[in-house]
Amino acid sequence: MQNKTAILLIGSPKPFKSSSENIGKLLLGYLAKEGFATDIEHIGMAIREGAVDKVIHKVNNSDITIISTPLFVDSIPAPLISFLELYQNDKQKTNKKLIGIVNSGFPESFQNDTAIEVLRLFSIHNDFYWAGGFTIGCGGAFGSMDLHKSKMVKHIAESFQEAAICLSKGDTILKEVLEKASKPIMSTFIYVFFGQLGWYLQSIKYHNQFNLKARPYAK
């Protein structure tokens, strides 16, 4: 019996070690444990290297496609938009599922709702079966975090594990499973405080701590 297949498309412009990659790999790992053969493609890299057709072929031959992307100006990054515009469904498999994962630097996960809707509409217009969308806040904290060990993201790991079980049975992801992943990993105050601290420490590194409020082009 042929294994089911799942491909992760990383929408972050960062070539490696992005929050989108780290989060997407967590779900992909749980699907692998459920018996799925898995694959990963970086969309930005595929566009730069002229490998879009190869990625489209892989998507069209996968049972599940996961798009993991950061939020860019209430939408998705330009390279990912370009890929979605170039995508051509071969229409040979009508039961392909699409899953969206959108993370953002905002502490509130609802900030990602518009981007998730973009992916959902793409699935409808390209004969995918929309299996569900995850909205995750505090995305800046995920890049270097070990998501398998961190207690802060235990609820997300549990949600992804439950989602993988649903998908292995051929079901869509339950609403309560999606909602579990959208819960904040820390309070807004703590997230903003450490974000500002990190920004200030970077300014010291580049000797610009006294120029953070500079407006050289203001009239």
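The following legends describe close-up views of a predicted model.

Local features require pLDDT of at least 70 and side-chain atom pairs count only at pLDDT 80 or more, while totals for chains, interfaces and linings use all residues. Residues are numbered from 1 along each chain as its sequence is written, and side-chain values use heavy atoms, with hydrogens and water left out.

**View A. The open sheet has 5 strands in the order S2-S1-S3-S4-S5.** The pairing is parallel; two strands pair if DSSP finds at least two bridges between them. Strands (E, at least two residues) and helices (H or I, at least four) are DSSP runs, numbered from the N terminus. Strand S2 (37-42) and strand S5 (129-136) each have a single partner strand, so one side of each lacks a neighbour in the sheet. From one strand to the next, the twist averages 15°.

**View B. Strands S3 and S4 run parallel.** Strand S3 (residues 64-70) is joined to strand S4 (residues 97-103) by 7 bridges. Thr 65 stands opposite Leu 98 in S4.

**View C. Helix H5 (residues 113-125) lies across S3, S4 and S5.** Helix H5 runs at about 165° to S4; axes are lines fitted to C-alpha atoms, for helices over the stretch in contact, and angles run from 0 to 180 degrees between N-to-C directions. Helix H6 (residues 154-168) also packs on the sheet, touching S3, S4 and S5, where contact means heavy atoms within 4.5 Å. The direction of H6 makes about 175° with that of S5.

**View D. Helix H1 (residues 19-33) packs against H6 at an angle of about 45°.** The axes of H1 and H6 are 8 Å apart. The two helices are therefore oblique to each other; angles under 35 degrees count as roughly parallel, over 145 as roughly antiparallel, 65 to 115 as roughly perpendicular and the rest as oblique. Residues of H1 in this contact include Ile 23, Leu 26 and Tyr 30, and those of H6 include Ile 156, Phe 160 and Gln 161.

**View E. Tyr 87 and Phe 122 form an edge-to-face aromatic pair.** The ring centres are 5.7 Å apart, with 70° between the planes; rings of Phe, Tyr and Trp (its six-membered ring) pair if their centres lie within 6.5 Å, and planes under 30 degrees apart count as stacked, over 60 as edge-to-face and the rest as tilted. Tyr 87 lies in the loop between helix H4 (78-86) and S4, and Phe 122 in helix H5, 35 residues apart.
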